Amino acid sequence: MDLSSFLTSLGTSFLIFVILMLLFAWLSKKPGNAVVYYPNRILKGLDPWEGGSKTRNPFAWIKEALTSTEQDVIALSGVDTAVYFVFLSTVLGILVLSSLILLPVLLPVSATDIGDTITNTTTSNGTFSDLDMLSIGHVQAKSPRLWAFLLGVYWVSFVSYFLLWKAYKHVSNLRSNALMTPDIKPEQFAVVVRDIPTVPEGPNRKEQVDSYFRAIYPETYYKSMIVTNNKEVNKLWKELEGFRKKLEHAEAVYAASKTTGSPEGTRPTNKTGFLGLCGAKVDSIEYYTEKINETIPKLEAEQKVTLREKQLNAAVVFFTNRVTAASAAQTLHARMVDTWTVMAAPEPCQVLWPNLKIKFFQRQVWQYVVYIIVALTVVFYMIPIGLISAVTTLDNLVKFIPFIKPVVNQSVLKTVLEAYLPQLALIIFLALLPKLLFALSKAEGIPSQSHAIRAAAGKYFYFIVFNVFLGITLGGTLFSTFKDIEDDPNKLVPLLATSLPGSATYFLTFVALKFFVGYGLELSRIVPLIIFHLKRKYLCKTEGELKAAWQPSDLGYGTRVPGDMLIITIALCYSCIAPLILPFGVLYFGIGWLVLRNQALKVYCPAYESNGKFWPHMQLRILAALILYQVTMVGFLGVKKFYYAPLLIPLPILTFIFSYTCSKKFYRFFQDTALEVASHELKDIPNMEQIYKAYLPQSLSSEKVLLDDDQFEDAKSNVSRTASFA
């Protein structure tokens, strides 16, 4: 990509961002759009516009985001969101401090050198573009100027160590404050028990669990809730809820027809066949009323069968105080590790109930099977990624599809396609992967939603680093120089080394596209706005349907964090090779902090709360990116024949030592709750029955069934966390 294409890409991306920001300022002031731009505040009972929408400054959101405190974020979006902003701030600090030294030092060092003529002969046409002159590739081999790049690696590394250490301490304090809150949270009084042995003759499953834990915790044990196989009862419950919603919809349509047509109104009808497209035509209100009356007895019968006959080898056990629950969650209860496995209970809404029945050794085997599948996916996904990198360049497209040559030869179109085509193809291709990785993570037997998301995010990070960063860097070079490598295999190593500065402009454009267009779309919420208004106009007839149409999601850590990690990996690895990428990294995380601060305060609502358990994984990925950067620079300076390149070898070792030290000092607290934290007093006496019922599934929460079968209960809940447990 030449300089004009790069500047075109940058300019058009910035223009798109400005347009989207102005659209946001205009659309967010309209009262009819409030549920799209301020759903978090509306659900919290707050005024969407402080001071009124008409008199509001269109850029007031910037001031509100900048002046908001960490406590504001915790109050509106939870501790996990506050920890995510610690991550953004830490990475932004690393890049800003790195830029302050590397930009004024390394850019002049590269630009004022006479150029590496040996390296130049291996690149296309034997020349460097204007941007390549600002990279380390323009510095001569064996040049003393390479000392500046070597020292730059040390500066970036020690800045990262310092800021990551501070961040780990800060996040530990945030987690501690959240766990010692005087508010009553059901998960702090419960543990999940898996791998319960076969019931001996005599007692039933519940009596077995009660007697086991009452003997160990005689004073603080409350009672247990046996996990059951809810597949059939959940299916019936969902059918019943679906019929009720359809009945409500039909009644609303009928009521509306009385105001728009004849006073008698028009009763709605529907067909009973496949997707309502075929079958007999019936009165909707009568049909769904009949279906509800048929389903209720079936559900009640299935509830009783489930509670009596479908009990599994897992349970949720409740204690009357937080200290006992925290202690039990981190204690070995049985001599054999594959029986009576006890762990801290997740939030009621987080538990992945089907996974609780998976036995200990099955979980171990499935974990390794999933790792192998992910490793194969990572390796072989590189083939299509590399092909996309190679084929979506205009020169290669013209080779494969000759008839498009007259079209792409138009200067304006050619410039735009060169600027955007490869990046857009890559972004679309990557969007297909996260669901697969999340399903694989759940297959490991992970017991909670947040844990599965963290596991999927880790897999996604290593995937995109291996396939996107390494695949894009090496794929295009290997494709374009395969003939040279075939003639002289010894050229492989220098070609791979010189491909790094050659790919810098691609990643500059990629990062710019992500922060300008990506965050512009994030702020403007054009797609959710269009979807909401289409649903409101054509589909929503009831208040419930309307609320479901604008119900906000969470920040989506499973894909957002790995995407951020890819950018920090690119920024770190190119910080000394092509220092011009640092301002782009600063803009990405700076604009991201500002836009997402607004979204966290006004738009997104957390789906769960893990009290910062994501942080150790974030730190580990940053350190993995740092090690990749350090190893890359050792190899690159070696290719440059710089005799002092081995002086960088201690840095990866230091990074491993730093990671080990952080893990030993901080990580245990992110696994288990410290007893000194759990021992803080509560503001009210906990209502244990309410805590117990928080874990009951909606499909089994019929009062009639609970009265008839009180000795058999299951464990699942969609109960709102706003319920009182005092």
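Buried means under 20% relative accessible area, exposed means over 50%, and partly exposed lies in between (1.4 Å probe, protein chains only). The model is predicted: local features need pLDDT of at least 70, side-chain atom pairs count only at pLDDT 80 or more, and totals for chains, interfaces and linings use all residues. Residues are numbered from 1 along each chain as its sequence is written, and side-chain values use heavy atoms, with hydrogens and water left out.

**View 1. The ring pair Tyr168 and Trp615.** Rings of Phe, Tyr and Trp (its six-membered ring) pair if their centres lie within 6.5 Å; planes under 30 degrees apart count as stacked, over 60 as edge-to-face and the rest as tilted. The count by this rule is 41 aromatic pairs. In one of them, the ring centres of Tyr168 and Trp615 are 6.2 Å apart and the planes meet at 80°, so the pair is edge-to-face. Tyr168 belongs to helix H8 (residues 146–179) and Trp615 to helix H27 (residues 615–639), so the pair ties together parts 447 residues apart in sequence. Helices (H or I, at least four residues) and strands (E, at least two) are DSSP runs, numbered from the N terminus. Tyr168 is buried at 3% relative accessibility. Trp615 is buried too, at 0%.

**View 2. Lysines over rings.** A charge sits over a ring if NZ of Lys or CZ of Arg is within 6 Å of the ring centre and within 35 degrees of the ring normal. The charged end of Lys223 sits over the Tyr692 ring, 4.0 Å from its centre. For Lys665, the charged end sits over the Phe666 ring, 5.7 Å from its centre.

**View 3. Helix H9 and the strands it packs against.** H9 (residues 205–216) has 12 residues. From first C-alpha to last it reaches 17 Å, close to the 16 Å expected at 1.5 Å a residue (1.5 Å times one less than the number of residues). Its buried residues are Arg205, Lys206, Gln208, Val209, Asp210, Tyr212 and Phe213. They pack against strands E1 (190–194), E2 (221–228), E5 (311–319) and E6 (341–344), where contact means heavy atoms within 4.5 Å. At the start of H9, a side-chain oxygen of Asn204 comes within 3.2 Å of the backbone nitrogen of Lys206.

**View 4. Ser524 in helix H22.** Ser524 lies in H22 (residues 504–524). Its relative accessible area is 0%, so Ser524 is buried. Leaving out residues up to four places away in sequence, Ser524 touches Leu20, Phe24 and Tyr37.

View 5. Most residues other than glycine have a negative phi.

**View 6. Stretches with pLDDT below 50.** pLDDT is the predictor's confidence in each residue, from 0 to 100. The protein averages 83, and 82% of the residues score at least 70. Residues 117–128 stay under 50, with eight contacts beyond four places in sequence. Residues 706–722 are also below 50; this stretch has 57 contacts in the model beyond near neighbours in sequence. Where pLDDT is low, the predicted coordinates should not be read in detail.

Terms used
A polar contact is a pair of N or O atoms within 3.5 Å; within protein, one must be able to donate a hydrogen and the other to accept it, and residues adjacent in sequence count only if both atoms are side-chain atoms.
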